[in-house]
Amino acid sequence: MDYAARKWPDFEHTGPGTLAGRFLRRFWQPVYLSADLPIGQARPLKIMGQQFTIYRGESGTAHVVADRCLHRGTLLSTGQVEGDQIRCFYHGWKYDATGQCVERPAERSCPANLYIRSYPTHEWLNMVFAYLGEGEAPPFPVLSDVADDGYLTVQAPLRTFNYFSQLENALDEVHFRFVHRISRIAEQGLTDAIPTLTCEETDYGLARASTRRGVDRKTHFLMPNINASIFFDALHIVWRVPVDDYSHISFTVDYCGGTSEEMDAYRARHEAEAAQIAAATPASVLVDEVLAGRMSLDELVDHPDLLSIQDGTALKGQGVIANRENELLGASDTHIVHMRRLWTNELTAIRDGAAPRVWQWPDSLEVTSGLPIKDAA
Ligand code: FES
Ligand SMILES: [Fe+2]
(Lines give C-alpha, C1' and ligand atoms only; values in the text may rest on other atoms or scores of the structure.)
(Ligands and ions follow the chains in the order given, each with its own letter.)
Protein backbone atom coordinates (compact mmCIF):
# COMPACT_ATOMS: atom_id res chain seq x y z
CA MET A 1 0.00 0.00 0.00
CA ASP A 2 1.24 3.45 -0.81
CA TYR A 3 0.45 5.57 2.15
CA ALA A 4 3.19 8.10 1.61
CA ALA A 5 0.50 10.40 0.28
CA ARG A 6 -1.94 9.67 3.11
CA LYS A 7 -2.03 11.12 6.60
CA TRP A 8 -2.71 7.69 8.03
CA PRO A 9 -2.37 4.13 6.79
CA ASP A 10 -5.48 2.18 5.85
CA PHE A 11 -6.91 1.11 9.21
CA GLU A 12 -10.33 0.46 7.79
CA HIS A 13 -9.99 -2.41 5.30
CA THR A 14 -9.36 -5.76 6.91
CA GLY A 15 -9.94 -8.37 4.21
CA PRO A 16 -7.32 -11.08 3.57
CA GLY A 17 -4.01 -9.57 2.50
CA THR A 18 -4.72 -6.03 3.75
CA LEU A 19 -2.24 -4.61 6.26
CA ALA A 20 -4.86 -3.97 8.93
CA GLY A 21 -6.36 -7.41 8.31
CA ARG A 22 -2.97 -9.09 8.62
CA PHE A 23 -2.37 -7.17 11.85
CA LEU A 24 -5.72 -8.02 13.45
CA ARG A 25 -5.31 -11.66 12.46
CA ARG A 26 -2.17 -11.84 14.60
CA PHE A 27 -4.37 -11.74 17.72
CA TRP A 28 -7.01 -14.05 19.15
CA GLN A 29 -10.38 -12.55 18.30
CA PRO A 30 -13.86 -13.37 19.61
CA VAL A 31 -15.96 -14.61 16.73
CA TYR A 32 -19.15 -16.08 18.22
CA LEU A 33 -21.16 -16.18 21.42
CA SER A 34 -20.81 -19.60 23.04
CA ALA A 35 -24.53 -19.79 23.81
CA ASP A 36 -25.39 -19.34 20.13
CA LEU A 37 -23.50 -22.47 19.09
CA PRO A 38 -25.32 -25.60 20.30
CA ILE A 39 -23.61 -28.98 20.43
CA GLY A 40 -23.72 -30.74 17.07
CA GLN A 41 -24.59 -27.61 15.08
CA ALA A 42 -22.68 -25.78 12.34
CA ARG A 43 -23.08 -22.15 11.26
CA PRO A 44 -21.62 -19.88 8.60
CA LEU A 45 -19.25 -17.28 10.00
CA LYS A 46 -17.92 -14.11 8.41
CA ILE A 47 -15.03 -12.25 10.01
CA MET A 48 -12.89 -9.57 8.33
CA GLY A 49 -14.52 -10.23 4.99
CA GLN A 50 -13.58 -13.90 5.11
CA GLN A 51 -16.03 -16.79 5.26
CA PHE A 52 -15.63 -19.72 7.62
CA THR A 53 -17.61 -22.59 9.09
CA ILE A 54 -17.99 -22.70 12.87
CA TYR A 55 -19.39 -25.79 14.55
CA ARG A 56 -19.56 -27.34 17.97
CA GLY A 57 -18.55 -30.97 18.07
CA GLU A 58 -20.34 -33.55 20.13
CA SER A 59 -17.45 -33.33 22.64
CA GLY A 60 -18.56 -29.74 23.28
CA THR A 61 -15.50 -28.21 21.62
CA ALA A 62 -16.01 -25.37 19.15
CA HIS A 63 -14.16 -25.62 15.83
CA VAL A 64 -13.55 -23.16 13.02
CA VAL A 65 -12.68 -24.45 9.56
CA ALA A 66 -12.87 -23.18 5.98
CA ASP A 67 -16.25 -22.32 4.55
CA ARG A 68 -16.42 -24.66 1.57
CA CYS A 69 -16.03 -28.33 0.77
CA LEU A 70 -13.08 -29.33 -1.40
CA HIS A 71 -15.22 -31.47 -3.68
CA ARG A 72 -17.55 -29.06 -5.44
CA GLY A 73 -17.58 -26.22 -3.00
CA THR A 74 -20.85 -26.31 -1.18
CA LEU A 75 -20.98 -24.61 2.21
CA LEU A 76 -19.90 -26.86 5.04
CA SER A 77 -22.14 -24.93 7.43
CA THR A 78 -25.06 -26.83 5.88
CA GLY A 79 -23.43 -30.16 6.72
CA GLN A 80 -23.81 -32.56 9.63
CA VAL A 81 -21.62 -32.67 12.71
CA GLU A 82 -20.52 -36.22 13.54
CA GLY A 83 -18.47 -36.47 16.71
CA ASP A 84 -16.00 -33.62 16.26
CA GLN A 85 -16.00 -33.97 12.50
CA ILE A 86 -18.17 -32.34 9.88
CA ARG A 87 -19.73 -34.09 6.89
CA CYS A 88 -20.57 -32.14 3.75
CA PHE A 89 -24.29 -31.93 2.99
CA TYR A 90 -23.83 -32.51 -0.76
CA HIS A 91 -21.96 -35.81 -1.26
CA GLY A 92 -20.85 -36.64 2.25
CA TRP A 93 -17.14 -35.87 2.28
CA LYS A 94 -16.10 -35.72 5.91
CA TYR A 95 -13.45 -33.54 7.58
CA ASP A 96 -11.96 -33.78 11.04
CA ALA A 97 -11.34 -30.78 13.29
CA THR A 98 -7.83 -30.30 11.88
CA GLY A 99 -9.41 -29.94 8.43
CA GLN A 100 -8.16 -33.30 7.18
CA CYS A 101 -10.56 -35.01 4.78
CA VAL A 102 -11.16 -38.42 6.37
CA GLU A 103 -13.92 -39.88 4.23
CA ARG A 104 -15.21 -39.65 0.65
CA PRO A 105 -18.08 -42.13 0.52
CA ALA A 106 -18.43 -42.25 -3.28
CA GLU A 107 -14.66 -42.54 -3.97
CA ARG A 108 -12.30 -45.43 -3.45
CA SER A 109 -9.91 -43.61 -1.14
CA CYS A 110 -9.21 -40.44 0.78
CA PRO A 111 -5.67 -39.16 0.11
CA ALA A 112 -3.75 -37.63 2.99
CA ASN A 113 -3.17 -34.38 1.13
CA LEU A 114 -6.83 -33.44 1.07
CA TYR A 115 -7.50 -30.92 3.77
CA ILE A 116 -9.21 -27.64 4.38
CA ARG A 117 -7.84 -24.88 6.57
CA SER A 118 -8.70 -25.10 10.24
CA TYR A 119 -8.15 -22.46 12.91
CA PRO A 120 -7.32 -22.73 16.63
CA THR A 121 -10.21 -21.92 18.96
CA HIS A 122 -10.55 -21.20 22.65
CA GLU A 123 -13.60 -20.37 24.77
CA TRP A 124 -13.44 -17.71 27.43
CA LEU A 125 -16.04 -15.40 28.97
CA ASN A 126 -18.83 -17.24 27.14
CA MET A 127 -17.34 -16.41 23.74
CA VAL A 128 -15.61 -18.53 21.12
CA PHE A 129 -12.27 -17.00 20.17
CA ALA A 130 -10.36 -18.00 17.06
CA TYR A 131 -6.87 -17.37 15.80
CA LEU A 132 -7.28 -16.59 12.11
CA GLY A 133 -3.69 -15.61 11.35
CA GLU A 134 -0.72 -17.42 9.88
CA GLY A 135 1.63 -19.66 11.84
CA GLU A 136 1.31 -20.72 15.41
CA ALA A 137 -1.25 -18.93 17.58
CA PRO A 138 0.15 -16.67 20.30
CA PRO A 139 -0.53 -17.58 23.94
CA PHE A 140 -4.14 -16.90 24.86
CA PRO A 141 -4.32 -13.74 27.02
CA VAL A 142 -6.44 -13.65 30.15
CA LEU A 143 -7.20 -11.13 32.86
CA SER A 144 -7.34 -11.98 36.53
CA ASP A 145 -9.95 -9.24 36.99
CA VAL A 146 -12.61 -11.61 35.66
CA ALA A 147 -13.17 -14.53 38.05
CA ASP A 148 -15.56 -17.47 38.06
CA ASP A 149 -17.62 -16.24 40.97
CA GLY A 150 -18.91 -13.01 39.47
CA TYR A 151 -21.87 -12.26 37.25
CA LEU A 152 -20.96 -12.16 33.58
CA THR A 153 -23.00 -11.01 30.62
CA VAL A 154 -21.96 -11.08 26.99
CA GLN A 155 -23.54 -9.41 24.00
CA ALA A 156 -22.60 -9.20 20.37
CA PRO A 157 -24.48 -6.35 18.67
CA LEU A 158 -23.93 -5.88 14.95
CA ARG A 159 -23.19 -2.31 13.88
CA THR A 160 -23.49 -1.39 10.24
CA PHE A 161 -20.42 0.78 9.86
CA ASN A 162 -16.66 0.31 9.94
CA TYR A 163 -15.16 -1.11 13.14
CA PHE A 164 -12.40 1.48 13.41
CA SER A 165 -14.85 4.32 14.01
CA GLN A 166 -16.32 2.43 16.97
CA LEU A 167 -12.85 1.61 18.27
CA GLU A 168 -11.92 5.29 18.15
CA ASN A 169 -15.19 6.37 19.73
CA ALA A 170 -14.36 4.47 22.90
CA LEU A 171 -11.21 6.62 23.16
CA ASP A 172 -13.20 9.80 22.67
CA GLU A 173 -14.70 10.97 25.94
CA VAL A 174 -15.33 14.51 24.81
CA HIS A 175 -18.32 13.24 22.85
CA PHE A 176 -20.08 12.27 26.10
CA ARG A 177 -20.89 15.91 26.78
CA PHE A 178 -22.63 16.34 23.44
CA VAL A 179 -23.78 12.97 22.08
CA HIS A 180 -24.97 11.61 25.44
CA ARG A 181 -26.10 14.85 27.10
CA ILE A 182 -29.56 13.31 27.44
CA SER A 183 -28.92 9.74 28.61
CA ARG A 184 -28.33 7.69 31.70
CA ILE A 185 -24.62 8.53 31.71
CA ALA A 186 -25.68 12.18 32.00
CA GLU A 187 -27.57 11.22 35.15
CA GLN A 188 -24.31 9.89 36.55
CA GLY A 189 -22.32 13.05 35.96
CA LEU A 190 -20.11 11.97 33.05
CA THR A 191 -21.45 14.64 30.73
CA ASP A 192 -21.20 17.63 33.04
CA ALA A 193 -17.76 18.77 31.97
CA ILE A 194 -15.30 18.39 29.12
CA PRO A 195 -12.57 16.15 30.52
CA THR A 196 -8.83 16.74 30.55
CA LEU A 197 -7.19 13.78 28.80
CA THR A 198 -3.91 12.10 29.61
CA CYS A 199 -2.58 8.75 28.50
CA GLU A 200 0.43 6.61 28.90
CA GLU A 201 1.79 3.98 26.57
CA THR A 202 2.07 0.54 28.16
CA ASP A 203 3.03 -3.02 27.25
CA TYR A 204 -0.57 -3.65 26.18
CA GLY A 205 -1.56 -0.36 24.58
CA LEU A 206 -2.70 2.74 26.44
CA ALA A 207 -3.59 3.48 30.05
CA ARG A 208 -5.96 6.40 29.73
CA ALA A 209 -7.29 8.93 32.17
CA SER A 210 -9.99 11.51 31.72
CA THR A 211 -10.36 13.99 34.53
CA ARG A 212 -13.55 15.86 35.32
CA ARG A 213 -13.70 18.17 38.33
CA GLY A 214 -10.65 16.52 39.83
CA VAL A 215 -12.00 12.95 39.50
CA ASP A 216 -10.12 10.54 37.24
CA ARG A 217 -11.85 8.01 35.05
CA LYS A 218 -9.23 5.36 34.28
CA THR A 219 -9.75 3.19 31.24
CA HIS A 220 -7.61 1.12 28.91
CA PHE A 221 -7.03 0.46 25.27
CA LEU A 222 -5.55 -2.96 24.63
CA MET A 223 -3.98 -3.56 21.25
CA PRO A 224 -5.27 -3.99 18.74
CA ASN A 225 -9.06 -3.56 19.17
CA ILE A 226 -10.11 -3.77 22.80
CA ASN A 227 -11.40 -1.19 25.25
CA ALA A 228 -11.83 -1.76 28.98
CA SER A 229 -13.65 0.53 31.39
CA ILE A 230 -16.08 0.55 34.27
CA PHE A 231 -19.61 1.00 33.03
CA PHE A 232 -22.55 0.96 35.41
CA ASP A 233 -20.77 -0.94 38.19
CA ALA A 234 -19.37 -3.60 35.86
CA LEU A 235 -16.00 -4.16 34.27
CA HIS A 236 -16.82 -3.55 30.62
CA ILE A 237 -14.52 -5.08 27.99
CA VAL A 238 -15.29 -4.73 24.29
CA TRP A 239 -13.63 -6.21 21.23
CA ARG A 240 -14.52 -4.47 17.94
CA VAL A 241 -14.36 -7.24 15.37
CA PRO A 242 -14.95 -6.50 11.68
CA VAL A 243 -17.50 -8.67 9.90
CA ASP A 244 -16.44 -6.91 6.73
CA ASP A 245 -15.38 -3.36 5.93
CA TYR A 246 -18.93 -2.05 6.34
CA SER A 247 -20.03 -3.72 9.57
CA HIS A 248 -18.63 -5.06 12.79
CA ILE A 249 -19.64 -6.81 15.97
CA SER A 250 -18.91 -5.29 19.37
CA PHE A 251 -18.24 -8.38 21.47
CA THR A 252 -19.09 -6.95 24.87
CA VAL A 253 -18.41 -8.47 28.26
CA ASP A 254 -19.76 -6.94 31.45
CA TYR A 255 -18.49 -8.48 34.64
CA CYS A 256 -19.76 -7.65 38.10
CA GLY A 257 -17.66 -9.23 40.83
CA GLY A 258 -18.97 -7.37 43.88
CA THR A 259 -20.93 -8.63 46.88
CA SER A 260 -23.87 -10.95 46.26
CA GLU A 261 -26.27 -8.02 46.84
CA GLU A 262 -24.42 -5.93 44.26
CA MET A 263 -24.44 -8.84 41.84
CA ASP A 264 -28.15 -9.44 42.36
CA ALA A 265 -28.91 -5.77 41.78
CA TYR A 266 -26.73 -5.74 38.68
CA ARG A 267 -28.31 -8.94 37.36
CA ALA A 268 -31.85 -7.66 37.87
CA ARG A 269 -31.07 -4.39 36.13
CA HIS A 270 -29.21 -6.05 33.31
CA GLU A 271 -31.91 -8.63 32.64
CA ALA A 272 -34.64 -5.99 32.62
CA GLU A 273 -32.64 -3.84 30.20
CA ALA A 274 -31.79 -6.77 27.93
CA ALA A 275 -35.49 -7.73 27.73
CA GLN A 276 -36.46 -4.15 26.86
CA ILE A 277 -33.78 -3.89 24.18
CA ALA A 278 -34.79 -7.24 22.67
CA ALA A 279 -38.40 -6.03 22.40
CA ALA A 280 -37.51 -2.63 20.90
CA THR A 281 -36.67 -1.65 17.30
CA PRO A 282 -32.92 -2.33 16.87
CA ALA A 283 -30.58 0.62 17.32
CA SER A 284 -29.02 0.09 13.86
CA VAL A 285 -32.42 0.49 12.18
CA LEU A 286 -33.15 3.71 14.08
CA VAL A 287 -29.70 5.13 13.34
CA ASP A 288 -30.49 4.83 9.64
CA GLU A 289 -33.83 6.55 10.18
CA VAL A 290 -32.14 9.44 11.99
CA LEU A 291 -29.40 9.76 9.37
CA ALA A 292 -32.00 9.78 6.61
CA GLY A 293 -33.86 12.60 8.39
CA ARG A 294 -37.01 10.53 8.92
CA MET A 295 -36.69 10.55 12.71
CA SER A 296 -34.96 12.75 15.26
CA LEU A 297 -33.00 11.68 18.31
CA ASP A 298 -35.45 13.70 20.39
CA GLU A 299 -38.14 11.15 19.53
CA LEU A 300 -35.94 8.31 20.78
CA VAL A 301 -34.88 9.48 24.24
CA ASP A 302 -36.92 6.74 25.90
CA HIS A 303 -35.46 3.92 23.78
CA PRO A 304 -33.75 1.34 26.05
CA ASP A 305 -30.68 1.29 23.78
CA LEU A 306 -30.42 5.06 23.48
CA LEU A 307 -26.63 5.13 24.00
CA SER A 308 -26.11 2.88 20.96
CA ILE A 309 -28.44 4.99 18.84
CA GLN A 310 -26.62 8.16 19.87
CA ASP A 311 -23.18 6.70 19.20
CA GLY A 312 -24.31 5.09 15.95
CA THR A 313 -25.72 8.39 14.73
CA ALA A 314 -22.41 10.16 15.29
CA LEU A 315 -20.28 7.29 13.96
CA LYS A 316 -22.23 6.18 10.91
CA GLY A 317 -22.74 9.91 10.35
CA GLN A 318 -18.98 10.08 9.67
CA GLY A 319 -19.57 7.67 6.80
CA VAL A 320 -19.92 3.91 6.70
CA ILE A 321 -16.14 4.08 6.32
CA ALA A 322 -14.98 7.41 7.77
CA ASN A 323 -12.63 9.57 5.74
CA ARG A 324 -9.64 10.34 7.97
CA GLU A 325 -7.80 12.41 5.38
CA ASN A 326 -9.69 15.67 5.82
CA GLU A 327 -10.03 15.82 9.59
CA LEU A 328 -8.95 18.75 11.75
CA LEU A 329 -7.75 17.00 14.86
CA GLY A 330 -7.34 18.81 18.17
CA ALA A 331 -6.63 18.36 21.87
CA SER A 332 -9.86 16.40 22.25
CA ASP A 333 -8.45 13.70 19.96
CA THR A 334 -5.32 13.02 22.02
CA HIS A 335 -6.16 9.40 22.84
CA ILE A 336 -7.24 8.63 19.30
CA VAL A 337 -4.05 10.08 17.83
CA HIS A 338 -1.96 8.07 20.26
CA MET A 339 -3.82 4.88 19.35
CA ARG A 340 -3.46 5.57 15.63
CA ARG A 341 0.28 6.04 16.10
CA LEU A 342 0.57 2.65 17.80
CA TRP A 343 -1.36 1.12 14.92
CA THR A 344 0.71 3.00 12.33
CA ASN A 345 3.94 1.63 13.81
CA GLU A 346 2.58 -1.91 13.60
CA LEU A 347 1.22 -1.62 10.07
CA THR A 348 4.50 -0.09 8.92
CA ALA A 349 6.42 -2.97 10.45
CA ILE A 350 4.20 -5.48 8.68
CA ARG A 351 4.48 -3.59 5.38
CA ASP A 352 8.29 -3.53 5.70
CA GLY A 353 8.56 -7.17 6.73
CA ALA A 354 9.83 -6.24 10.19
CA ALA A 355 8.70 -8.06 13.31
CA PRO A 356 5.70 -6.33 14.90
CA ARG A 357 5.87 -5.57 18.60
CA VAL A 358 4.79 -8.22 21.11
CA TRP A 359 1.96 -6.83 23.24
CA GLN A 360 1.54 -8.19 26.72
CA TRP A 361 -1.63 -8.00 28.77
CA PRO A 362 -1.23 -7.05 32.42
CA ASP A 363 -2.41 -9.49 35.09
CA SER A 364 -4.93 -6.92 36.19
CA LEU A 365 -6.24 -3.58 34.94
CA GLU A 366 -6.73 -0.58 37.16
CA VAL A 367 -10.09 0.75 36.04
CA THR A 368 -12.15 3.48 37.71
CA SER A 369 -15.54 4.77 36.75
CA GLY A 370 -14.85 8.43 37.30
CA LEU A 371 -18.30 8.47 38.81
CA PRO A 372 -17.76 9.28 42.49
CA ILE A 373 -18.40 12.86 41.51
CA LYS A 374 -21.37 12.98 43.85
CA ASP A 375 -19.16 11.53 46.63
CA ALA A 376 -16.39 13.97 45.87
CA ALA A 377 -18.76 16.91 45.90
S1 FES B 1 -19.55 -30.66 -2.50
FE2 FES B 1 -19.01 -31.52 -0.58
S3 FES B 1 -19.07 -33.63 -0.91
FE4 FES B 1 -19.61 -32.78 -2.86
FE1 LIG C 1 -20.69 7.21 23.20
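In the predicted model, N126 is partly exposed, with 14 other C-beta atoms within 10 Å. The residue lies in the loop between β10 (121-124) and β11 (127-130). Although N126 is not a glycine, its phi is positive, at about 65°. A positive phi is also found for R213, another residue other than glycine, with a value near 50°. R213 belongs to the loop that runs between β15 (205-212) and β16. This residue is exposed, with 12 other C-beta atoms within 10 Å.

The loop between β16 (215-222) and β17 (226-231) contains P224. The peptide bond leading from M223 to P224 is cis, and its omega is near 0°.

Strands of a sheet pair through backbone hydrogen bonds, in either a parallel or an antiparallel manner. In this model, an open sheet is formed by four strands in the order β5-β6-β7-β8, with antiparallel pairing. Two bridges join β8 to strand β7 (residues 94-95) in the antiparallel sense. Y95 has C101 of β8 as its bridge partner.

Helix α6 spans residues 283-291, and its buried residues are A283, L286, V287 and V290. Viewed down the axis of α6, these residues fall within an arc of 105°, so they line one face of the helix. The packing partner of the buried residues of α6 is α7 (306-316). After α6 comes G293, which has a positive phi near 80°.

Notes: Residues are numbered from 1 along each chain as its sequence is written. Chains are lettered from A and ligands numbered from 1 in the order in which they are written. This is a predicted model: local features need pLDDT of at least 70, side-chain atom pairs count only at pLDDT 80 or more; totals for chains, interfaces and linings use all residues. Two strands pair if DSSP finds at least two bridges between them. A residue is buried if 20 or more other C-beta atoms lie within 10 Å of its own, exposed if 12 or fewer, and partly exposed in between; C-beta atoms are placed from the backbone. The arc is that of the directions from the helix axis to the C-beta atoms. Two residues are in contact if their C-beta atoms, placed from the backbone, lie within 7 Å.
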